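Here are my notebook entries from a first walk through this model.

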Amino acid sequence: MQETSPQTYPARFELLDALRGMAALAVVIHHVAAVYIGGMAVMAFFVISGYCIAAASASARKHTLGMGGFLWRRVRRIYPPYLLAIAFWAALRGVKIFTGGANDLARPWTEWLQNLTLTQWLTLLPNPEPYPPHNPTLFVGAFWSLCYEEQFYLVMGLMVVLAGLSAAAARWAVVALLVAGLAWNVASPDRVFGLFIEYWAPFAFGCLVFYRLCEIGRAHV
């Protein structure tokens, strides 16, 4: 038997879009119909995000964009729709005030800054909660997962730098953080501090699927 070059899969899978759509629908059902499946859907999102961000970091490395280029791509993708959603929330609260409701816009400037930069997780560092949407700084509780996604991007941006030295080292770093994340979950199962490590396990699983399918490949004999 003669060994040939490893075979890898394309980074883009249309099935991921369908899975994302199903997860998004599950979150809507969770909030609208009180069918509590949103938690599982968010974990599915984190797995898919792990795959997609690992693919994006590999693309940034391939095109020598560096950490800055990788993060700028993420900012352009995430922040415009997020800021539009915040503007929509503020407009609705303005209508509420106009019709005699409570003034939900009267929040400290620090909370406005945190919500505009997705750094609401900073509030949880000194005041951990049992459930991340309970973070009182969040204007919209459903946006809690984006605070973790932002940190995932920062960590994977560092992986772009590390992968420039050694792609294998970057993959092992993801595994090391996975082990650390699982240990963190065991040590602190009932409180969250807003740190990426708390939800790194599903994200790292998605990363490892990408590495296995699209970078490491399979050797055929």
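**Entry 1: Phe210**

I began with Phe210, which I found in helix H7. The model is a predicted one, so I kept an eye on confidence throughout. Is Phe210 buried or exposed? With a relative accessible area of 3%, Phe210 is buried, because the cut-off for that is under 20%. I then looked up how Phe210 sits relative to Gly50: the two are 160 residues apart in sequence. In space, their C-alpha atoms are 8.2 Å apart.

**Entry 2: The whole chain**

Next I stepped back to see the overall make-up. I counted seven helices and zero strands in the protein chain. Read along the sequence, the pattern is α-α-α-α-α-α-α. The chain has 221 residues, and 37% of them count as buried. I also checked how far apart in sequence the contacting residues are. Taking contacts with a separation of 6 or more, I noted that 67% of them join residues 24 or more positions apart.

**Entry 3: Confidence**

How confident is the predictor, on average, in this chain? The mean pLDDT is 87, and 90% of the residues score at least 70. I compared the elements too: H4 has the highest mean pLDDT, at 97. Helix H1, residues 14-32, has the lowest, at 74. Where pLDDT is low, the predicted coordinates should not be read in detail. I left that stretch there and moved on.

**Entry 4: H3 against H5**

Two packed helices are described by the angle between their axes and the distance between the axes. I looked up both for H3 and H5: their axes come within 8 Å and cross at roughly 165 degrees. That angle is over 145, so H3 is roughly antiparallel to H5. The crossing of H3 past H5 is right-handed.

Which residues meet here? From H3 I listed Gly66, Met67, Phe70, Leu71, Arg74, Ile78, Tyr79 and Tyr82. From H5 I listed Leu146, Glu150, Tyr153, Leu154, Met156, Gly157, Leu158, Val160 and Val161. Sorted by class, the contact of H3 with H5 has 13 nonpolar, two polar and two charged residues.

**Entry 5: H3 against H4**

I stayed on H3 and turned to H4. These two helices pack at an angle of about 140 degrees, with their axes 9 Å apart. That makes H3 oblique to H4. On the H3 side, the contact is made by Tyr79, Tyr82, Leu83, Ile86, Trp89 and Ala90. On the H4 side, I noted Trp112, Asn115, Leu116 and Thr117. The residues of this contact divide into eight nonpolar, two polar and no charged.

**Entry 6: H5 against H7**

The axes of H5 and H7 (residues 200-216) come within 12 Å and cross at roughly 45 degrees. H5 and H7 are therefore oblique to each other, and their crossing is right-handed. H5 brings Phe152, Val155 and Met156 to the contact, and H7 brings Trp200, Phe203, Cys207 and Tyr211. I sorted these by class as well: seven are nonpolar, with no polar and no charged residues.

Where does Leu118 lie? Leu118 is in the loop between helix H4 (109-117) and helix H5 (144-165). Leu118 is buried, with a relative accessible area of 1%. Thr119 has its place in the loop between H4 and H5 too. At 19% relative accessibility, Thr119 counts as buried, because the limit is under 20%. Leaving aside neighbours within four places in sequence, I found Thr119 in contact with Leu113, Gln114 and Glu150.

Most residues other than glycine have a negative phi. I looked for residues that depart from this. Leu118 has a positive phi of about 60 degrees although it is not a glycine. Thr64 is not a glycine either, and its phi is positive at about 50 degrees. Thr64 lies in the loop between helix H2 (38-62) and helix H3 (66-98). Is Thr64 buried or exposed? Thr64 counts as exposed, because its relative accessibility of 69% is over 50%.

Terms used:
Residues numbered from 1 in each chain as written. Predicted model: local features only at pLDDT ≥ 70, side-chain atom pairs only at ≥ 80, totals over all residues. Heavy atoms only, no water. Helix = DSSP H or I, 4+ residues; strand = E, 2+ residues; numbered from the N terminus. Buried < 20%, exposed > 50% of the residue type's maximum accessible area, 1.4 Å probe, protein only. Axes fitted to C-alpha atoms, helices over the stretch in contact; angles between N-to-C directions. Parallel < 35°, antiparallel > 145°, perpendicular 65-115°, else oblique. Left-handed = near helix turned anticlockwise from the far one by under 90°. Contact = heavy atoms within 4.5 Å. Nonpolar A, V, L, I, M, F, W, Y, C, P; charged D, E, K, R; others polar. pLDDT = per-residue confidence, 0-100.
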